Amino acid sequence: MIALVQVAAEEAQNPLVPPIPELVVGLLAFAIVFFFLWKKLLPNINKVLEERREAIEGGIEKAEAAQLEAQQTLEQYKAQLAEARHEAARLRQEAQEQGAALIAEMRAEGQRQREEIIAAGHAQIEADRRQAAQALRQDVGKLATDLAGKLVGESLEDVARQSRTIDRFLDELEAKAAAAESSEVAR
């Protein structure tokens, strides 16, 4: 019997098995705390968690929308940049074409002015040659008349006859010079 009492006493003092009244009070306290947490605290926690989830999802949606808008803006910027580059290339090409046309026009104008200057120079030279030939004709005629008068011994003062004689003589000289020039060219 003593052994039974000792076994029963040992069982009573087992720290792993609580006494029944303590167990009932503990279960009752746990039920009250659980009920309070379930009715009051758990809905508030779920509400806060739902608000945070919605805020995070809303932030993600806003970030995605901002990223999409930024991508669209970037595409518009790239399109505008490409268009601006194309326009700049077109303007550069136009400027080069206009420059080339202006240079060609200025060259043509310079060529035309050069031709006019050359033609005016030739005309002036021809006029000077004719004037010199006329003066030379008169001087040669005067000298020839004086010389002929000295050779003949009488004065050849008749102007009309003198002019005809001189003109005939000079025309013969010019004809001989032209014939000699054409025979030189023919060789």
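The legends below accompany close-up views of a predicted model. Because the model is predicted, local features need pLDDT of at least 70 and side-chain atom pairs count only at pLDDT 80 or more, while totals for chains, interfaces and linings use all residues. Residues are numbered from 1 along each chain as its sequence is written, and side-chain values use heavy atoms, with hydrogens and water left out.

**View 1. Nonpolar surface patch including Phe36.** Val33, Phe36, Leu37, Leu41, Ile45 and Leu49 together make a nonpolar surface patch of about 530 Å², the area coming from the Shrake-Rupley method with a 1.4 Å probe and, for residues, only the protein chains shown counting as cover. Patch residues have over 30% relative accessible area and no salt bridge, with nonpolar side chains (Val, Leu, Ile, Met, Phe, Trp, Tyr) joined within 5 Å and like charges within 9 Å. Phe36 lies in helix H2, residues 20-152 (helices, H or I, are DSSP runs of at least four residues, numbered from the N terminus).

**View 2. Lining of the second largest pocket.** This pocket, with a volume of about 190 Å³, is lined by Arg129, Ala133, Leu136, Arg137, Val140, Leu170, Leu173 and Glu174. A pocket is an open set of points on a 1 Å grid over the protein atoms alone, where a 1.4 Å probe fits and protein lies on both sides within 12 Å along at least five of seven lines; lining residues have an atom within 4 Å of a point. H2 and helix H3 (159-186) each supply at least two lining residues, and the largest share, five residues, comes from H2. By class, the lining has five nonpolar, no polar and three charged residues.

**View 3. Salt bridge between Glu57 and Arg53.** The two side chains meet at 2.8 Å, N to O, in a salt bridge (a side-chain nitrogen of Lys or Arg within 4 Å of a carboxyl oxygen of Asp or Glu). Because Glu57 and Arg53 are four residues apart in helix H2, about one helical turn separates them. Glu57 is partly exposed at a relative accessible area of 38%, and Arg53 is partly exposed at 36%, where buried means under 20%, exposed over 50% and partly exposed in between (1.4 Å probe, protein chains only). Glu50, Arg53 and Glu57 are linked in a network of salt bridges.

**View 4. Salt bridge between Arg90 and Glu94.** The side chains of Arg90 and Glu94 meet at 2.4 Å, N to O. Arg90 is partly exposed at 35% relative accessibility, and Glu94 is partly exposed at 32%.

Methods
Points joined across faces, edges and corners; volume = space filled by probe spheres on them. Nonpolar A, V, L, I, M, F, W, Y, C, P; charged D, E, K, R; others polar.
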